[in-house]
Amino acid sequence: MPLVDLKVWRGDDNGEYISYLVEYDEGEVILDVVHRLQSTDAQDLAVRWNCKAGKCGSCSAEVNGKPSLMCMQRMVNFTPGEEIIISPMKTFPLIKDLVTDVSWNYENARKVPAFSPKKVDTDGKHRMQQVDIERGQEFHQCIECYLCQDVCHVIRDHPENKDNFVGPRFFVQIASVNMHPLESASQKPSALYGFGLDYCNITKCCTEVCPAGIKITDNAIIPLKERLVDDKYDPVRWLGRIISKGKSGK
Amino acid sequence: MVSQNTQTESLFNRYAKTLRKDRWWLEPLLVGVGLFIFVMYSTVSAALLGNYWPYEIGPYVSPFFEPLFYTDILPKWVSPAIFILWAPLSFRMTCYYYRRAYYRSYFLSPPACAVQEPADSYSGESTVPLVVQNIHRFSMYGALIFVPILWNGAIRSFYWDGEIGIGIGSVLLLINAFLLSGYTFGCHSFRHLIGGGLNSFTGSKYQLFRKKIWNIVTVINSHHKYWAWSSLIVVGLSDLYVHMVASEWITDINTWNSFF
Amino acid sequence: MTDYEIEEHEYDVLVIGAGGAGLRAAIESLAFGCSTAIVCKSLFGKAHTVMAEGGMAAAMGNVYEEDNWKVHFRDTMRGGKMLNNWRMAQIHAQEAPDRVLELEEWGALFDRTEDGLILQRDFGGHKYARLAHVGDSTGLEMLRTEQQKAASLGIKVFSECTINRLMVDKKTNSISGALGYWREKGNLIKFKAKAIIIATGGLGKMYAITSNSWEGTGDGHAMAMMAGAEMVDMEFVQFHPTGMVWPPSVKGILVTEGVRGDGGTLRNSTDKRFMFNYIPEMFASETASTEDEADSWYEDHSLGRRTPDLLPRDEVARAINSEVKAGRGSPHGGVFLDIASRRSPEYIQKRLPSMYHQFKQLAGVDITKEPMEVGPTCHYAMGGIKVNAETAQSSVNGLFAAGEVAGGLHGANRLGGNSLSDLVVFGRRAGKGAADYAKNTESFLPIDQIEIDKAIQNMMMPFDNSNGENPYTIHKELQDSMQKLAGIIRTEEELVQMLSKVEDLKKKMLSVTVEGNRWFNPGWHLALDLEFMLTNAESLVRAAIERKESRGGHTRDDYPEASKKFGEINFIIKQVNGSIKVEPRQSDSMPDELAELFKDK
Ligand SMILES: Cc1cc2nc3c(=O)[nH]c(=O)nc-3n(C[C@H](O)[C@H](O)[C@H](O)COP(=O)(O)OP(=O)(O)OC[C@H]3O[C@@H](n4cnc5c(N)ncnc54)[C@H](O)[C@@H]3O)c2cc1C
Ligand code: SF4
Ligand code: SF4
Ligand code: FES
Ligand code: FES
């Protein structure tokens, strides 16, 4: 079996990168190699994983500096003897080794507006067409790996923004509620304020790393920004509003 | 089977600028250089040289100067292009794609994904001056007006001296109008107006119609970056071409023999 | 003994597990006004449910109007080889449609029919297309929807917190609380609760080839049994016929039955659709006998009988096993699952997007062009905590169970899609049952300090031991021997061998030694899970030895036929004075109006 040189972050903030030579097989993924290391030379190596198939979003880390899922990085893409640096996600406080404290995300999950549907039809069912739900289905593919949150420079490089910015994953969630074909309440533009949409400078790193292939920037963030523009900056709508106010004023 | 080598690597600490090993700097560099060249060229051609460099010859008018303004009131050093260029300029400056491009290449905010941004603080587009980016909707309305104007120029360029014909210039202007349309109709703001603002597309025939257009716009929009670049390059080339023909540096190959 | 600091909490209802069942239970219990908390081993939202692919079964009749709960009930019972708890199967079939609509009401976006209703897809053992689905990520949709509902209600979640012991008041046989540890720092945490709902999911991690994640160690099964609860049907383990077989690292990862539901077929190395040779008598009258008939059934179910590719899972898994044994397998020891030659690339990518990516990214196989290689993988535990069908209460007062950890609904074999609906139907009932119980309970029961001390000592043992084996090695040994000795095909001899293996591993476990400290230490976590896995392995093997017949998820080479005698018996497994006992119990017989359903052909 060929060997790779895994350089893994060990310990907490005061830790260090430690190199291990580990055997691997071409058919494996990085996570397998990390597991081999764990069952032999680093038994207390902390790493999260669940599905090993890119479905649960647990095994997020930075491989050679790129935020990615360890279970979706195939070893065929590396050459024997190559050095592979594996670091924990940078944006979140480090717990130990490759495990970070992602609780900030769960706090944000409680901030975003809840879904409240229209009334059902008389037979007790909702009707929606396939074309109506496809947009939302894209957002629902999110596996909550938080790689987009990790890579987003707004918080990665400026942690102080964490209070004012919920991050791309939650823009996706806001979009899924706000654009839901049955949504009734949160259509109000006020439902879009206070999440830091305007901190995003649409540099698209979130889209680049999303393992679920969600076009976060094009399909969630920009359309949400545009919905805000409707409310605040569209000259035609200003005019419309002035006219309708004038009328109702009379 | 596993050998461990516990050497401390102070070099790689967790807070390094980046641990990426690929050539992440290449894209922002190319984009930065490309934008720089275009901005320099268009400033010189449209704003500075203006009336000192002929921009009109035969059926061709440089797209920077379309539609033509003839005024005697203004001094010669005021280029007529400045009455036109505010529209495409503000449209492109506030375009979601160009914002991404120059934020990355010039503001280094961030230079590339997972590469540390040098600035100490950041508030994005939430404060002055960048909050101004929200005028994009406004400038999109403006840009929409220019689509027919440029098509008009392109179609006119096939007609000279009472004769329908074709020349390299007319082909360039036609491509230019086409690319500009692709760029404009692929605009995110336009996409929103067409259908993005709806939540359900099947309430009425009208909505279903909007959904169909929205689908088309979405396809165009997904290549917005390429429309942005190709239309940028072609508009610059068209301008340069018309100038060169008009200055008699080169001869246009066409069916009309000569413009002089 | 050192004194450990213990964090303490009190809740009316404590839910262990944040999968589809646990979340639904918590939402319900909160709705009844009980203070409720959820504990889960992984991060919130990572439970197994998130990996479920194909869909959830509910007789809504959106695609085939003829469908109704009675047909669903009948399918479920026949799929479970009539060993199911009939009342659970009835409730499940009756309530599933409402639970699907409820998810929609909470924001789920299921695929649609032409009329804008929820689309349903074909799955093995279901007479009609019945599975509400979202492409091939239905579990994700379900879990996120519940998760967001729970978040909006503000339910307290203790995530990455593992429960290690249930506390029972011996005198009254009532639950009093639970003890666990935070994974992050290894700190201890104690809950006092009036009622506890166990929703800890499956136990597949004791097998080497499995679709289950590290969480599938069957903690809930083992803890409940240690707390005195009765278990049922533990011998029945479902091997899903189609897991990936190559490359080695993904061996066992699931390939959804939706592939076959949407038109894929199984072939052997001679390119033959071998399932036509394996149609059991019970299903012969409603299964196609020729390829043409099977293909026309896909177009319209009234044009032919269903394809044998969609027989219940136990039948298909055994068939694949036989083909491979007979030397007609694929290069990596599976068979071929082919959808590429039968459906257009666009259709495949639209209906099965995550399968497409899974194969593309993990195996370098483009399923729109080439067949997949698949083989059986340990997937689901039919057996589990024996519960009351109406309230989901176990034989311990105040201890409830729902989801995969509960037994009874699926009998000897579960039909695909019946789990997701099970989670919400019985999750809701458990939530209500526990809330009712908690409301009728005046005060919290005291927790016996001696029990707590004993549990803590047990938890810290791997650090105090020295020179023992490491937990990974013991786990691997268990997995390999379970796979070999108690897998799809079993014999008395091998099962007995396995039993002594378990005894052997138990001894090793007592001296298991881990490195490092309590700070996020997966080695230690595994060491603690070993006890649960070994307990469950023992229950499974003991029950398997007693069931001297072949039925559903239990195939005995030495007793290849189903026997009438065992067809009316469920095995109850419980711990008496520290040792595991198996006792046969006559199954409840169903009322006449239900029995009627099985008479006409
Ligand atoms: C790959 C795959 C595909 C599937 N596809 C389908 C399908 O298409 N249709 C279908 O109906 N079924 C399917 N199933 C089966 C179904 O998904 C599972 O049976 C079901 O999700 C189990 O749900 P649950 O709520 O019982 O438990 P799980 O979702 O497994 O959740 C268990 C929870 O308990 C927690 N837990 C466990 N132990 C402890 C402890 N000691 N302390 C604290 N918390 C603990 C875990 O953290 C987790 O939150 C599939 C299963 C798999 C693996
Ligand atoms: S596009 Fe916006 S949200 Fe996404 S990474 Fe960039 S700044 Fe963050
Ligand atoms: S949006 Fe994509 S990158 Fe972000 S958490 Fe979800 S799956 Fe991960
Ligand atoms: S382990 Fe589930 S995404 Fe990697
Ligand atoms: S023109 Fe680029 S987004 Fe509007």
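A salt bridge is here a side-chain nitrogen of Lys or Arg within 4 Å of a carboxyl oxygen of Asp or Glu. By that rule, eight salt bridges are counted between chain B and chain A. The model is predicted, so that local features need pLDDT of at least 70 and side-chain atom pairs count only at pLDDT 80 or more, whereas totals for chains, interfaces and linings use all residues. Residues are numbered from 1 along each chain as its sequence is written, chains are lettered from A and ligands numbered from 1 in the order in which they are written, and side-chain values use heavy atoms, with hydrogens and water left out.

**The interface of chains A and B**

Two pairs of chains touch, and the most contacts (heavy atoms within 4.5 Å) are between chains A and B. Chain B contributes 59 residues to this contact and chain A 67 residues. The size of an interface is often given as the accessible area lost when the parts come together. Here the buried area, that is, the accessible area (1.4 Å probe) that two parts lose on being put together, summed over both, is about 5500 Å², and carbon and sulfur atoms give 52% of it.

One of the salt bridges joins B:Arg137 to A:Glu226, with the closest N and O atoms 2.7 Å apart. Across the interface of chain B and chain A, 37 residue pairs (both at pLDDT 80 or more) are in polar contact. A polar contact is a pair of N or O atoms within 3.5 Å; within protein, one must be able to donate a hydrogen and the other to accept it, and residues adjacent in sequence count only if both atoms are side-chain atoms.

On the side of chain B that touches chain A, the elements giving two or more residues are strand E1 (3-5) and helices H3 (96-105), H4 (136-156), H6 (188-196) and H7 (205-222) of chain B. Helices (H or I, at least four residues) and strands (E, at least two) are DSSP runs, numbered from the N terminus. H6(B) provides the largest share, seven residues. In contrast to the A and B pair, chain B and chain C do not touch, their nearest C-alpha atoms being 10 Å apart.

**Pairs within chain C**

Over all chains the structure holds 85 salt bridges. In one of chain C, C:Lys170 and C:Glu451 have their closest N and O atoms 3.9 Å apart. Because C:Lys170 lies in the loop between strands E7 (161-169) and E8 (174-182) of chain C and C:Glu451 in helix H13 (residues 449-464) of chain C, the pair ties together parts that are 281 residues apart in sequence.

**Ligand surroundings**

A residue is near a ligand if one of its heavy atoms lies within 4 Å of it. Around ligand 1 there are 39 residues, the closest being C:Thr49, C:Gly54, C:Glu215, C:Asp219 and C:Glu404.

| Residue | Protein atom | Distance |
|---|---|---|
| C:Ala21 | backbone N or O | 3.0 Å |
| C:Thr49 | polar side-chain atom | 2.5 Å |
| C:Gly417 | polar backbone atom | 3.4 Å |

Ligand 2 is surrounded by 13 residues, of which A:Cys152, A:Cys200, A:Thr203, A:Lys204 and A:Cys206 are the closest. Helices H5 (153-156), H7 (205-209) and H8 (216-232) of chain A each give two or more residues to this shell. The residues around ligand 3 include A:Cys142, A:Cys145, A:Cys148 and A:Cys210.
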